[in-house]
Amino acid sequence: MTDMDDLGDAMVERRRLIALAYRLLGTLEEAEDAVQETYLRWYRLSEDERAAIDNPAGWLSRVASRICLDVLKSAHSRRERYVGSWLPEPVRPGFLAAPEDPADRATLDDTVSTALLVVLDAMTPAERVAFVLHDIFAVPFGDIASVVGRSPAAVRQLASSARRRVAEQRGEVAPLPEHDDVVRAFVSATAGGDLGRLVSLLDPSVTLRSDGGGRVRSALNPIEGPEKVARFLLGVLTKRPTWTIRTEATADGLGFTLVEGDVHRGVANLRVVDGRVTDVWIVLNPDKLGGWR
């Protein structure tokens, strides 16, 4: 069909599909694999079959979503084999924003934030697909029903349940200016080796998760409590004197990166509630840092 044969249209559509698949799967590698499989299925159709599809973009979205749903269903067993904590891949602000997206930049970034993706990862596959397709990509419930194999009414309930969980997370977090102020103080205390100041910025229930994927050394289990989290962070920089820590814009607001020369060794996002850090998510797995090179 001419719409899909035009190179410019095809590239825009591919970018949109990767943005969709990333929000469903949490890593760019898996998203790109899902989109590649989607296009393979498109080109396996005969010319007559493709010509009979009135809305190629809609067809591609549905197929990509079904592929992602299958991946999500198998994710639990794959995560059991993953070395250490699994975290979504962090992306730079605006990295997956298509030019024609109607939402503003802040809204777009929020939909790829680590904070949101962690919440999505705790949902059932059907809940996640329903929420992402409807609330982020404005796909009608009837179309989503054909993806997840449920009735439109059931899909509406799935999206509603997911929306409540997302709203609870968003309702607790600090406004962006407060978040950024806390992150700046956090990075300053860490860079200066100020244990007392760092501990004071951490919530009593703070949890740190680091994702090395078995590729690099990281904490295999979550680290809990202000003292332990602070000592772990200071220890990372002490053991790696060639690394520096610096604030950097992320989809969650300010975060921090661990840099050696010109190479990003780690990207971290923080969750701030009532002026203190409640969660630290650090991705050290080099396979998940491609977008920061």
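Predicted model: local features only at pLDDT ≥ 70, side-chain atom pairs only at ≥ 80, totals over all residues.

Trainee: Why edge-to-face?

Mentor: Because planes over 60 degrees apart get that label, and the angle between W42 and W59 is 65°.

Trainee: Where do W42 and W59 lie?

Mentor: W42 is in helix 3, residues 28-44, and W59 is in helix 5, residues 56-81. The pair therefore ties together parts that are 17 residues apart in sequence.

Trainee: And W42, is that buried or exposed?

Mentor: Buried, since its relative accessibility is 0%. W59 counts as buried too, with a relative accessible area of 16%. The cut-off for buried is under 20%.

Trainee: OK, what about F186 and F256, how are their rings arranged?

Mentor: Those are stacked, because the planes are at 25°, with the centres 5.7 Å apart. This pair links distant parts of the chain: F186 belongs to helix 11 (residues 176-191) and F256 to strand 4 (residues 253-260), 70 residues apart. Both F186 and F256 are buried.

Trainee: Which charged residues sit over tryptophan rings?

Mentor: R79 lies over the face of W86, 3.5 Å from the ring centre. R240 has its charged end over the ring of W243, at 4.9 Å from the centre.

Trainee: Switching to strands. What does strand 4 do with strand 5?

Mentor: They run antiparallel and are joined by five bridges. E260, for instance, has V263 in strand 5 as its bridge partner. The two strands make a hairpin with two residues between them, and G261 in the turn has a positive phi of about 65°.

Trainee: How many bridges between strand 5 and strand 6?

Mentor: Seven, again in the antiparallel sense, with strand 6 covering residues 276-283. L270 stands opposite V280 in strand 6. That hairpin also has two residues between the strands, and D274 takes a positive phi near 50°.

Trainee: Is strand 5 largely enclosed or open?

Mentor: Largely enclosed by the rest of the structure, because nine of its eleven residues (263-273) are buried.

Trainee: Back to helix 11. What span should its 16 residues have?

Mentor: At 1.5 Å a residue they should span 22 Å, and the end C-alpha atoms are 22 Å apart, so the two agree. Its buried residues include H179, D180, V183 and F186. Just after helix 11, G193 takes a positive phi of about 70°.

Trainee: Last topic, the cores. Which residues touch the most other members of the largest one?

Mentor: Y22, L120, V129 and I144, out of 49 residues in that nonpolar core. Among the elements giving two or more residues to this core are helix 2 (7-25), helix 3, helix 5 and helix 8 (125-136).

Trainee: What is V129 in contact with?

Mentor: Setting aside neighbours within four places in sequence, V129 contacts L24, L69, L72, V147 and V148.

Trainee: And how many residues are in the second core?

Mentor: That separate core has 32 residues, including L202, L208, L237 and F256. F256 is the ring that stacks with F186.

Definitions and conventions. Residues numbered from 1 in each chain as written. Heavy atoms only, no water. Phe/Tyr/Trp six-rings, centres within 6.5 Å; stacked < 30°, edge-to-face > 60°. Helix = DSSP H or I, 4+ residues; strand = E, 2+ residues; numbered from the N terminus. Buried < 20%, exposed > 50% of the residue type's maximum accessible area, 1.4 Å probe, protein only. Lys NZ or Arg CZ within 6 Å of the ring centre and 35° of its normal. Pairing = 2+ DSSP bridges. Expected span 1.5 Å × (residues − 1). Core = buried A, V, L, I, M, F, W, Y, C linked by side-chain atoms within 4.5 Å. Contact = heavy atoms within 4.5 Å.
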